[in-house]
Every structure is written in C-alpha cells, then in structure tokens.
Amino acid sequence: MSRAVPVALLRHGLLQLAAALGAWFLIAPALQPLAWSVLQGLLAAALAALLRLRRGSWLAHGLFAPAVVYSYQLALPAWAYLLALLLTFAIGRNAWLERVPFYRSSPRVVERLAEALPEQARLLEAGCGDARLALQLAERRPDLQIAALETAWAAWALAWLRWCLAGRPANVRIACRSFWLEPLSEYDAVYAFLSPQPMPRLWRKFVTEGQSGSLLLSNTFTVPGVEPERSLALGGPLQKQLLIWRHPHGTR
C-alpha cells in the first residue's frame, strides 16, 4: 500500500472529526442523536467542498454520520452489517485495492472511440463497470471485437445481465477477471478509464506486451512523462479528453 492511502484516510477521518465537534457545539448528540448526525453531515459535506475534494466525496461525507446513527436506531441484526460490507466490497473493491473508483464513461466517449478505432479492431476495455460503454460501442461499430473485463463482482454481474438483455451480442465478451493478467498482444487497442495511480503501470504493460502500432486510449488520465499522439475533446467537466498513444514497437 502506498503512503498516499493512509494519508488520505487520515484526512477523511480528521474531516469527520472536525464536523462532529462542530455539530457537538450546537446539538448534544446524546440527547438528539439524529438531529446531531444531520448537522454533522451538512458540516462534513461543506468541509469536503471547501477542501475541493471530489463531488462524490461530498455526498459520502454528508451521509456517513446520519447513516450510522439511523442504522443504530433501527437495531439491525449483525448479519445485516456483514451483508452491507460484502455488497460494498463487491461494488467498490477496485477503489480499495487498486485505487480505481467506479467510473462510468460518458456517451461522448462512445462517439469518440467509434471515430478513433480502426476497422475490425480487437478492443480491450480495461475495467468495464456495468458494460454500458462496451455494448453501446458494439452497436455503433459492429465490426469491432470487444473484450470487456471487470473484477468487481457486483459490477461484473450487472454487466453480464446487461449483455444478456442486449441479446448477447457476439462481438462483445464479458469476463470477470483482471486486465492486468490479460496479454495485450492479442488486441489492437486498449481503452481505460482508471485513475492517475495505475497509469504508469498500464503504460509499462502496454509497451512490454502490446503489438506494434496498437493504440492505448485513456479517458482523461495521462501517462506521466509520455505525450499522447493526439487527444480528442470530450467536453465534460470531469471527462475532459480522450488521450491516444500509439505503440512504438511491440511483440510482433
């Protein structure tokens, strides 16, 4: 685990503590626990905004204390908390283990990928989430062969269900396994929407395993020290550009 992980956990913990103390000055938690938790959540969300954390963090900080207090008042059985933990891990395991939150690519990305990918390309989507992008791209570009991989169990189950409801298109393959174990020499292009942390590792894997002339396409996140061959604007506040690198050499 990198040093950034405990530092981030400490920052979030201190934020929650500061909000709890601020709410305690106005409402006694022992007398009015639910009202105190709501105020604590509002203060925590405000602090997250002031610290310019991601907007998803605002919601997480705002709901944490109210959810804990409300769950305690419901007197839920112990197995309910275990089930909630397992579901959370099934959805967000990659955020904890690989520092890759659950992102969904915007519809604009589908359009840009459809424009950028060569004909008859074999595409690997490194972390497909609910497979929304893979299925939309396959419909828009039926000539493509898409392998959509996901390791978060709940996301993979949803992706598989969406694939079944879409009629099980033959040019899309959904699998529950890590793209880190996938040989990139079998693909003409790799699409990733990850986070800054794994990008250097992905680049090394791409250079080592990828075939000559293949493409690496990254939604928003750059490879440090490596300029992309080109970039396509996505026009979103968070998903800003599709970065494209071409493999300088490869295994074949």
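Guide: A residue is called buried when its relative accessible area is under 20%. By that criterion, 42% of the 252 residues of the chain count as buried. The model is a predicted one. The chain exposes about 14300 Å², of which carbon and sulfur atoms supply 64%. Its secondary structure comes to 8 helices and 7 strands. Among contacts between residues at least 6 apart in sequence, 65% join residues at least 24 apart.

Strands of a sheet pair through backbone hydrogen bonds, in either a parallel or an antiparallel manner. Here 7 strands form an open sheet with mixed pairing, in the order S3-S2-S1-S4-S5-S7-S6. Strand S3 (172-175) and strand S6 (230-233) stand at the edges with a single partner strand each, so one side of each has no neighbour in the sheet. From one strand to the next, the twist averages 20°.

Within this sheet, strand S1 (residues 122-126) and strand S4 (residues 189-192) run parallel and are joined by 4 bridges. Leu-123 stands opposite Ala-189 in S4. Helix H6 (residues 132-140) lies across S1, strand S2 (145-149), S3 and S4, and runs at about 175° to S2.

Strand S2 also holds Leu-149. With a relative accessible area of 1%, Leu-149 is buried, because the limit for that term is under 20%. Leaving aside residues up to four places away in sequence, Leu-149 touches several others, including Leu-124, Glu-125, Ala-126, Ala-175, Phe-179 and Glu-182. Leu-149 and Glu-182 are 33 residues apart along the chain, while their C-alpha atoms are separated by 9.2 Å.

Helix H7 (residues 153-165) may be considered next. The buried residues of H7 are Ala-155, Ala-159 and Trp-163. These residues cover an arc of only 75° around the axis, which puts them on the same side of H7. An α-helix has 3.6 residues a turn, so residues three or four places apart point the same way. Just after H7, Gly-167 takes a positive phi of about 90°.

Methods. Residues are numbered from 1 along each chain as its sequence is written. This is a predicted model: local features need pLDDT of at least 70, side-chain atom pairs count only at pLDDT 80 or more; totals for chains, interfaces and linings use all residues. Side-chain values use heavy atoms; hydrogens and water are left out. Buried means under 20% relative accessible area, exposed over 50%, partly exposed in between (1.4 Å probe, protein chains only). Helices (H or I, at least four residues) and strands (E, at least two) are DSSP runs, numbered from the N terminus. The arc is that of the directions from the helix axis to the C-beta atoms. Contact means heavy atoms within 4.5 Å. Accessible areas come from the Shrake-Rupley method with a 1.4 Å probe; for residues, only the protein chains shown count as cover. Two strands pair if DSSP finds at least two bridges between them. Axes are lines fitted to C-alpha atoms, for helices over the stretch in contact, and angles run from 0 to 180 degrees between N-to-C directions.
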